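This note sets out several points for a colleague who is meeting the structure for the first time. Please read them with the model at hand.

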Amino acid sequence: MDRNLLITGAAGYIGGSILADFITRTTGPFSRANISAAVRSEAQVESLANLGINVVLVDLSDEASVTEVVLRNEIDIVLHTASSHDPNVASYLIKALGQRRKATGNETFFVHTSGSTAFAPEAGWPSGEMKDTDPIFETEKQLAANHPIRLTDIQVIEEGKTQGVTTLIVVAPAVYGRGTGQCKNMSIAFPIFIRSSIKDKLVHQFDKNGNPAAVHISDMTALYGLLVEKILQEEAIPNGEKGYYFAVAHKVYCWDLMQGFAERLHLLGLVAEPKTRTWPSDEMAAESLGVPPFIARVMGTHSTELVPVNAYEVGWRPHWNEKMLLESLGQEIQDVLEVDNIKVAS
Ligand SMILES: NC(=O)c1ccc[n+]([C@@H]2O[C@H](COP(=O)([O-])OP(=O)(O)OC[C@H]3O[C@@H](n4cnc5c(N)ncnc54)[C@H](OP(=O)(O)O)[C@@H]3O)[C@@H](O)[C@H]2O)c1
């Protein structure tokens, strides 16, 4: 049976890279998938126009437009990468998939992109190792209060149950590497530290060493590819309350990252010293990074102990590791220089 697949956030870093990967898959299970891409500006529609897929212009925060797009394009599967933290947008998409399921009698699927910062002790998550097969949903419910990512995950699972839509939640850690989409090819995860270092002409780190989880964008898109393959082949995979997929390839120490940036930025003449300094206060870090102090501290000091089991069960074998990431920091810097049009004296 042919299935119609919609990727939201298709002009973004993760969504654009998934789209670029999926359009190369013309054989096997993907030959049964018709791909649509959701974007929110005319310029983005134009950028994707030559890909030979259906591009839809939609503001996902408008429920009527979302319903119309899903029903008119007969969408059976949504890969949602436009927002990890807006429960309403997720809810509109799932309700529309529920209508589509009722109209056709066929199973519909919602694959959500969540974020691992919600699963760090620094953000109130219990410390200690946790597998994606552990009771994550129950823990998210106990701890939900005012955490937009957790509230959205809960909404996804509960709305999915109400609407009879099968839901999966991919938990993205810090994603790095050059994206392959048509529009935005840089993550926010590490470039935010590179930009603040160039602005301050110094590389700063926090007084506590974080050890967050990470994944290269190519490994991230490979996981989405595997999940969609399973859906297209009608294979039963963990879903709903048990359908969490930690996209954790490895971890990385924040101080190693910052030291790597300091050495490379110094060689380029963009910072004054080849070593790091400690932020004098969270407020100064926040001002330089352009986020609230609490977020700045979580970004720079959080550690996660998330163990991917479900992802490996579906066959995921990430290629990138911590060593490869640390060796590729020069490329992360080059990407920022290119996007921000910063010239370096040779
Ligand atoms: N990158 C990471 O390391 C990482 C890690 C964990 C979680 N996440 C989360 O995963 C999601 C995707 O990340 P990303 O790095 O791919 O972000 P991104 O590059 O900003 O992509 C998001 C895309 O969604 C579009 N979008 C947002 N709201 C929309 C709306 N109401 N209607 C239509 N389109 C909308 C954006 O449009 P515009 O281009 O017009 O803004 C953008 O193209 C984000 O929620 C992010 O917080 C990312």
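1. Among the elements around the ligand, β5 contributes the most to the shell, with 3 residues. The model is a predicted one. Strand β5 spans residues 109–115, and, like α1 (13–22) and β8 (174–176), it supplies at least two residues of this shell.

2. The ligand has 26 residues around it, and those that come nearest are Tyr13, Ile14, Arg40, Ser84 and Lys184. Sorted by class, the shell holds 11 nonpolar, 12 polar and 3 charged residues.

3. For Gln44, an N or O atom of the side chain is 3.0 Å from an oxygen atom of the ligand. On its own the ligand has 900 Å² of accessible area, of which the protein covers 80%.

4. Val69 belongs to helix α3, residues 63–72, and counts as buried because its relative accessible area of 4% is under 20%. Leaving aside residues up to four places away in sequence, Val69 touches Leu6, Val56, Val58 and Ile75.

5. How many disulfides does a search of the whole structure find? The search finds 0. As for individual cysteines, Cys183 is partly exposed at 32% relative accessibility, whereas Cys254 is buried at 6%.

Key
Residues are numbered from 1 along each chain as its sequence is written. This is a predicted model: local features need pLDDT of at least 70, side-chain atom pairs count only at pLDDT 80 or more; totals for chains, interfaces and linings use all residues. Side-chain values use heavy atoms; hydrogens and water are left out. Helices (H or I, at least four residues) and strands (E, at least two) are DSSP runs, numbered from the N terminus. Buried means under 20% relative accessible area, exposed over 50%, partly exposed in between (1.4 Å probe, protein chains only). Contact means heavy atoms within 4.5 Å. A disulfide is a pair of cysteine sulfur atoms within 2.5 Å. A residue is near a molecule or strand if one of its heavy atoms lies within 4 Å of it. A polar contact is a pair of N or O atoms within 3.5 Å; within protein, one must be able to donate a hydrogen and the other to accept it, and residues adjacent in sequence count only if both atoms are side-chain atoms. Accessible areas come from the Shrake-Rupley method with a 1.4 Å probe; for residues, only the protein chains shown count as cover. Ala, Val, Leu, Ile, Met, Phe, Trp, Tyr, Cys and Pro count as nonpolar, Asp, Glu, Lys and Arg as charged, and the others, Gly among them, as polar.
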